[in-house]
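Let us read a structure together, one feature at a time.

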Amino acid sequence: MTRAASPAQSVPASPAKAGLHALTRPTAVLQELRAFTWNGRTTAKAITSVGLSKRPIVVETLVNEFWTSKQRAASSLHEVSYRACFKPQLPRFFIERFTAPGDIVYDPFMGRGTTVVEAALLGRTPAGCDINLLSAMLAAPRLSPPTLEAVVARLEEIDLSMACSIPGELRVFYHEETLREICALREYLMARERRDSLDAVDRWIRMVAVNRLTGHSPGFFSVYSMPPNQAVSVDAQAKINANRKQVPPRRNVRALIAAKTKSLLSDVDSTARAALLRSSQRAQLMTGLSHNTPRLARGSVSLIVTSPPFLDVVNLFRLRYPKDSSSKSSSDSSCRASPPKP
Ligand SMILES: C[S@@+](CC[C@H](N)C(=O)[O-])C[C@H]1O[C@@H](n2cnc3c(N)ncnc32)[C@H](O)[C@@H]1O
């Protein structure tokens, strides 16, 4: 942990706020972290050099397993898969120590929204940014979750048997009937979006459906495959099917969305709902490059908790959800800072 670099940064909010949080609390927290012991291991002190310029910023770095210290169970609301997400206990550890209710907690590389959801559950004001448009699509609905009853009722209303064209090559992932249901749901959501009538229940259903597209277990729409943001190509899936001697089984899209909704909402009691309601009204979730976020007022952020992309490891510009046969890239999903080679 460091006060000036990832995974957590402490940024004084304003002179008015600085009195408590930037001066007194961080000092107390630093003392706590320096004296911290986990599993017999004392906190190690190191120096981290941050920045790509010739004059990097050098910061004191404290290393230990802080956020696992009490192994507090995380809210079920976090249980959507996303590549390289971190445990909710990590942002919670720092949010509780460095901020007060109402403070803005920011994640410039928001991913599935672990920091923003945790910040909202703790009554802080969540702010997040991510270049991947799926990030806000996954995070925002969980800041104002509908009830299970409302989701089930809406699912019943949607006509999943409506005739629509299906991309036949995706039959390596899905049973034909399941694929028809997915396409019907997509048509419904796109029509609602065109009419500007997507509501919180639709957005929730879209979030769950995106997350159920592909995966390892019968809880996903697909036959055994890779999870959504590591989804493989049609050709690669055909090889997986041959190796595993599998054919896509029939899955019930409506039932799977309802079951996942039930599990996501299992910890969302009235206290959590009240905290989410208050926080979500002030939330700022942005889609774009995080180096320029004019919507965030200068000096307004009390704490940043983030995990940056792995530079030059995976390619941000080649997203697959899942990839169709018209895109032949073999590179990986999610996050690389440099543009793809032509
Ligand atoms: C390691 S993941 C963050 C995961 C997140 N901590 C969570 O728990 O879900 C890094 C994220 O950075 C995003 N990203 C990469 N480059 C970006 C950029 N220049 N601006 C904004 N987001 C970026 C990627 O889309 C990816 O979602």
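**Reading strands, helices and a ligand shell**

Q: Which residue stands opposite Ser-49 in strand 6?

A: Ser-49 stands opposite Val-58 in strand 6. Strands here are DSSP runs of E, at least two residues, numbered from the N terminus. This is a predicted model; local features need pLDDT of at least 70, side-chain atom pairs count only at pLDDT 80 or more, and totals for chains, interfaces and linings use all residues. Residues are numbered from 1 along each chain as its sequence is written.

Q: In what sense do strand 5 and strand 6 pair, and over how many bridges?

A: Two strands pair if DSSP finds at least two bridges between them. Strand 6 (residues 57-63) and strand 5 pair in the antiparallel sense, over 7 bridges. Their hairpin has 6 residues between the strands, and Gly-51 takes a positive phi near 115°.

Q: How many residues of strand 5 are buried?

A: A residue is buried if 20 or more other C-beta atoms lie within 10 Å of its own, exposed if 12 or fewer, and partly exposed in between; C-beta atoms are placed from the backbone. In strand 5 (residues 44-50) the count of buried residues is 0 among 7, so the strand is hardly covered. Over the protein chain, buried residues make up 36% of the 342 residues.

Q: What span should helix 6 have?

A: Helices are DSSP runs of H or I, at least four residues. The expected span is 1.5 Å times one less than the number of residues. Helix 6 (residues 176-194) has 19 residues, so it should span 27 Å; its end C-alpha atoms are 27 Å apart, which agrees. Just after helix 6, Asp-196 takes a positive phi of about 60°.

Q: What do the buried residues of helix 6 pack against?

A: They pack against helix 7 (200-212) and helix 9 (253-264). Among the buried residues of helix 6 are Leu-179, Ile-182 and Tyr-188.

Q: Is Ala-150 buried or partly exposed?

A: Ala-150 counts as partly exposed, because it has 15 C-beta neighbours inside 10 Å. Ala-150 lies in helix 5 (residues 148-157). Ala-150 and Val-201 are 51 residues apart in sequence, yet 7.0 Å apart in space, C-alpha to C-alpha.

Q: Which residues come nearest the ligand?

A: A residue is near a molecule if its C-beta atom, placed from the backbone, lies within 6 Å of it. Of the 21 residues around the ligand, Cys-85, Phe-109, Gly-111, Thr-114 and Asn-132 come nearest.

Key
Two residues are in contact if their C-beta atoms, placed from the backbone, lie within 7 Å.
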